[in-house]
Amino acid sequence: MPSSIEFLRSPQSKVLAAPEIKVREWEKLRPTSAWLAVLVFALAGVWELNATLAATGGVFVYSVDDAYIHLALAERIAHGTYGLNLHEFSAPASSIVWPFLLLIGVGTSWHAFVPLAFNFVFGALAAWLIGKCVDEWPWQDEGRWWWLKRAITRALFVLGLNVVGLMYFGLEHVLQLLLAVACAYGILQVHRGREMPWWCIAAACAGPAVRYENIAISLAMAVVLYWSARKKAAIWTLVVSAAVPLAFSAFLLANGWFALPNSVLMRANNGGGWTGFLATLQLDLIRNVTQNTRLTWLCVLGFPAELWWIHRRSRPSAAAAVTIVLGLVLAVGKVGSFRYESFAVAFAVLILFALLGDRYRQWHLAILVFLLCTWPYFRYLRQSAISSENIYQQQYQMGRFVRDYYKKNAAVNDIGLVSYRLPQNIYVLDTAGLASRESYLQRIKDAQWTDRFVRAHEAGLAMIYTDWVQGIPASWTLLGRFVLTSEMISPAEDHVEVYSTSVGNAAEIDAELREFQKTLPPGVVLLLRRQPITQ
């Protein structure tokens, strides 16, 4: 039997010893490498902020209206109501914990910047962990430019994994991505034969409380822990990760709501029940596979990597974790809009490239494949500022009109900016269904139902996308239209129509719109009737 020294020199030991030796060689450079990724993130974030302010005339606006749903919900929570209208319960938020984090600064002039501050901190931590994950890759340090290749890789991964773009959504997606990257780092530790750090397990436990989709990563982490002979940790990961969502569901049911927030239930075909839910999942699966190039490319990469590691019988749990996450996201998750699948893409990329790097050391090929997987995120770096400009030209102006001019109950599709910083006596009627149980349950929103719905809540003003309803009541009067002048990125349509409803005063609203039109900044277009409406 050979001695331990002879075994280390044997050809069979190269596969087992090489990855660990490579990591040790890079131990000294890890801190510098990680902070380089943070520097790239900070510089890109400042550049994106300047581009956003330039697009909106110096007014900071997030790139989606949904950010202001959470900010408005935080305002109502501070006054004792979970919902967008005071003393009316609803569950419009896509995250359990995010609105509670936004309680900081409620009522202050700087409250709207709290999501940006959180996202900058979470984004910097995510960039640092991405740098640490890149250091786990066992590449050969050949040639005089190897250090430059490492720097380029970190910069591309920070930008290509959409850390910067997600920051200006103003939502929980940066925190979601941070937790996913932390889990990827922990799985790479197990893959290298080390013990998974406790904070990586904590990230897996906290994930579903940030966004429900992170349940996929919690399940993958439990599989890896179980596979690495940490069965108790695997079981507790599943138990703890499910505890907060289950407790929140109990809270919703106790208040007469559904078991899940409406943002999750909206995929159930607007009240179509389980039949509509399953039909929607089938359509989503087809769309995700055929239209989402990022996840499709990662699946093409993931399965060969998994098969190779299983064939070699050397720690296949990492590839199995990627397969679980990608499979669940493609089957039941929501992808698109440059944010919903970002956490899964980051999780998969960081693990898969480490697995493939153990076998294939071609840097140029790795970067080419990465760009193919993530090129839409690079494109969105340019579009993020345009998205904020879209929101500034539509929803921001709608909110300003209701808050400063109309000052009465209003019906809208996008409820965020209209609800935020609104006096408590003004009721915002949600025709889409995120904050309204009745609207969510109504499958066919024809003219008769829409008019009855608006009358019941005494909303004299309606600012809506007409394609979102199946008919406009004949008693309504079209007064104007907010029209985008920039490329449409984030809104559902390029114009919002303004109506006086059957319980509204058309002449009064028309006069207020004309006064409001005089205050519009350059680039914002509000088209009104040629002649004023008289009593």
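Modeller: Two strands count as paired if DSSP finds at least two bridges between them. Strands themselves are DSSP runs (E, at least two residues), as are helices (H or I, at least four), and both are numbered from the N terminus.

Biologist: Fine. What kind of model is this?

Modeller: This is a predicted model, in which local features need pLDDT of at least 70 and side-chain atom pairs count only at pLDDT 80 or more, while totals for chains, interfaces and linings use all residues. Residues are numbered from 1 along each chain as its sequence is written, and side-chain values use heavy atoms, with hydrogens and water left out.

Biologist: How many helices and strands are there in the protein?

Modeller: The protein has 22 helices and 6 strands.

Biologist: And in what order do the strands of the sheet come?

Modeller: The order is β2-β1-β3-β5-β4-β6, in an open sheet of 6 strands with mixed pairing. β2 (428-430) and β6 are at the edges with a single partner strand each, so one side of each has no neighbour in the sheet. From one strand to the next the twist averages 20° (axes are lines fitted to C-alpha atoms, for helices over the stretch in contact, and angles run from 0 to 180 degrees between N-to-C directions).

Biologist: Which strands run parallel?

Modeller: Strand β1 (residues 410-412) and β2 do, joined by 3 bridges. Val 412 has Asp 430 in β2 as its bridge partner.

Biologist: How many bridges join β4 to β5?

Modeller: There are 6 between strand β4 (residues 477-483) and strand β5 (residues 495-500), and the two run antiparallel. Leu 478 has Tyr 499 of β5 as its bridge partner, and Thr 477 stands opposite Ser 500 in β5.

Biologist: What stands opposite Ala 462 in β5?

Modeller: Tyr 499. Tyr 499 is also the bridge partner of Leu 478. Strand β3 (residues 461-464) pairs with β5 in the antiparallel sense over 4 bridges.

Biologist: And how is β4 joined to β6?

Modeller: By 4 bridges, with β4 and strand β6 (residues 525-528) running antiparallel. Arg 481 is opposite Leu 527 in β6.

Biologist: Is β5 enclosed or open?

Modeller: β5 is largely enclosed by the rest of the structure, because 5 of its 6 residues are buried. Buried means under 20% relative accessible area, exposed over 50%, and partly exposed in between (1.4 Å probe, protein chains only).

Biologist: What share of the residues of the protein count as buried?

Modeller: 56% of the 535 residues. The accessible surface is about 22,800 Å², and 63% of it belongs to carbon and sulfur atoms. Areas come from the Shrake-Rupley method with a 1.4 Å probe; for residues, only the protein chains shown count as cover.

Biologist: Different topic. Which residues of α21 are buried?

Modeller: In helix α21 (residues 447-456) they are Trp 449, Thr 450, Asp 451, Phe 453 and Val 454. Their cover includes β1, β2 and α20 (437-441). After α21 comes Glu 458, with a positive phi near 55°.

Biologist: What is Ser 419 in contact with?

Modeller: Leaving aside neighbours within four places in sequence, Ser 419 is in contact with Ala 72, Glu 75, Arg 76, Leu 84 and Val 428. Contact means heavy atoms within 4.5 Å. Ser 419 lies in helix α19 (residues 416-419) and counts as buried, at 0% relative accessibility.

Biologist: What share of the contacts in the protein is between residues 24 or more positions apart?

Modeller: Those make up 71% of the contacts with a separation of 6 or more.

Biologist: How far is Ala 42 from Val 164, C-alpha to C-alpha?

Modeller: 8.6 Å, although they are 122 residues apart along the chain. Ala 42 is in helix α3 (residues 30-55) and counts as partly exposed, at 22% relative accessibility.

Biologist: And where is Asn 255 found?

Modeller: In the loop between α12 (231-254) and α13 (262-265). Asn 255 is partly exposed, at 37% relative accessible area. Its C-alpha atom is separated by 9.8 Å from that of Tyr 82, 173 residues apart along the chain.

Biologist: Last one. Which residues make the nonpolar surface patch?

Modeller: Trp 145, Trp 147, Leu 148 and Ile 152, over about 400 Å². Patches are made of residues with over 30% relative accessible area and no salt bridge, where like charges are joined within 9 Å and nonpolar side chains (Val, Leu, Ile, Met, Phe, Trp, Tyr) within 5 Å. A salt bridge is a side-chain nitrogen of Lys or Arg within 4 Å of a carboxyl oxygen of Asp or Glu. Trp 145 lies in the loop between α6 (114-135) and α7 (146-160), and is partly exposed, with a relative accessible area of 47%.
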